[in-house]
Amino acid sequence: MSAASRPLPPTEPSRPDRTDQPTAGPNEPIAPHEPHGPIAPNALARARQLTDVVTRLRRALRSSIRTDYPWESLPMAQVELLQTLAAAPLRVGELAARQRLAPNTVSGLVGKLLDAGFVDRQADPGDRRTARIALTAAGHQQLADWQQAHERRIAGALATLADADYAAVMAALPGLDHLATALAETAPAGSTTTGTTPAGTTPSGTTRA
């Protein structure tokens, strides 16, 4: 079956009853644990497996796109700022809080985006003493190109999968979406650390060699 003719997954598949525990293996149930208590070893093994897959997916996607799109070398930390600013202009402090980064780190990243012409400073109508960072037309275009390149690459890879694997990936999307939301909501309070920098960048926002 071709990718074009494959049916889209349901928006919200039926969820199994909570009394039916998922398994860590064919005969190994995942032991339940309290939200703030110790995590069972088999649950950690599953988390390790998922972490490995997500890491390899991200690395493979960026590497394959970089071959055709040299601008893909734009650091992910800067892409994430563009994605956050796509919703609305924000102050540097607000950006730092949303990204859970130190303000000086965000200032360095913003400086790089200003130099590239992807963002500009706007007067804050609520406080004339401060400025908000907003996407420029070039920033919106850069973000759209980045998104479309990823969509095309993923669509091409999905088309190579066997029907069963394609269906499994599609069926997992709602659960992965919920996982992303849970991770965002359960981030430790006060996790921003002075001097914290995104992977692959220096405090000034430049890419490490």
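Reply: The answer below starts with the basis of the values, goes through the core, and ends with the surface.

This is a predicted model, in which local features need pLDDT of at least 70 and side-chain atom pairs count only at pLDDT 80 or more, while totals for chains, interfaces and linings use all residues. Residues are numbered from 1 along each chain as its sequence is written, and side-chain values use heavy atoms, with hydrogens and water left out.

The chain has 6 helices and 4 strands, where helices (H or I, at least four residues) and strands (E, at least two) are DSSP runs numbered from the N terminus. Along the sequence the order is β-β-α-α-α-α-β-β-α-α. Of the 209 residues, 27% count as buried; buried means under 20% relative accessible area, exposed means over 50%, and partly exposed is in between, with a 1.4 Å probe and protein chains only. A contact means heavy atoms within 4.5 Å. Among contacts between residues at least 6 apart in sequence, 53% join residues at least 24 apart.

Now the core itself. A nonpolar core is a set of buried Ala, Val, Leu, Ile, Met, Phe, Trp, Tyr and Cys residues joined through side-chain atoms within 4.5 Å. The largest one holds 22 residues, and those that touch the most other members are Leu 82, Leu 85, Leu 95, Val 106, Val 119 and Ile 133. Two or more residues each come from α2 (76–85), α3 (92–99), α4 (103–116), β4 (127–135) and α5 (137–158). The biggest share is that of α2, with 6 residues.

Helix α2 is mostly covered, with 8 of its 10 residues buried. These are Met 76, Ala 77, Gln 78, Val 79, Leu 81, Leu 82, Thr 84 and Leu 85.

The loop between α3 and α4 holds Arg 100. This residue is not a glycine, yet has a positive phi of about 55 degrees. Arg 100 counts as partly exposed because its relative accessible area is 34%.

Strand β4, which also supplies the core, is joined to β3 (residues 119–124) by 6 bridges, and the two run antiparallel. Two strands pair if DSSP finds at least two bridges between them. β3 and β4 form a hairpin with 2 residues between them. Ala 123 has Ala 131 as its bridge partner in β4, and Asp 124 has Asp 127. In a regular strand, side chains alternate between the two faces of the sheet.

The surface gives the contrast. The chain exposes about 13600 Å², of which carbon and sulfur atoms supply 58%; accessible areas come from the Shrake-Rupley method with a 1.4 Å probe, and for residues only the protein chains shown count as cover. Leu 50, Val 54, Val 169, Leu 173, Leu 176, Leu 179 and Leu 183 make a nonpolar surface patch of about 560 Å². Patches are made of residues with over 30% relative accessible area and no salt bridge, with like charges joined within 9 Å and nonpolar side chains (Val, Leu, Ile, Met, Phe, Trp, Tyr) within 5 Å. At least two patch residues come from each of α1 (41–68) and α6 (163–185), and α6 gives the most, with 5 residues.

Leu 57 and Ile 154 are 97 residues apart in sequence and 10.0 Å apart in space, C-alpha to C-alpha.

A salt bridge is a side-chain nitrogen of Lys or Arg within 4 Å of a carboxyl oxygen of Asp or Glu, and by this rule there is 1. The side chains of Arg 56 and Asp 52 form it, at 3.2 Å from N to O. Both residues lie in α1, 4 residues apart, about one turn of the helix. An α-helix has 3.6 residues a turn, so residues three or four places apart point the same way. Arg 56 is partly exposed at 46% relative accessible area, and Asp 52 is partly exposed at 40%.
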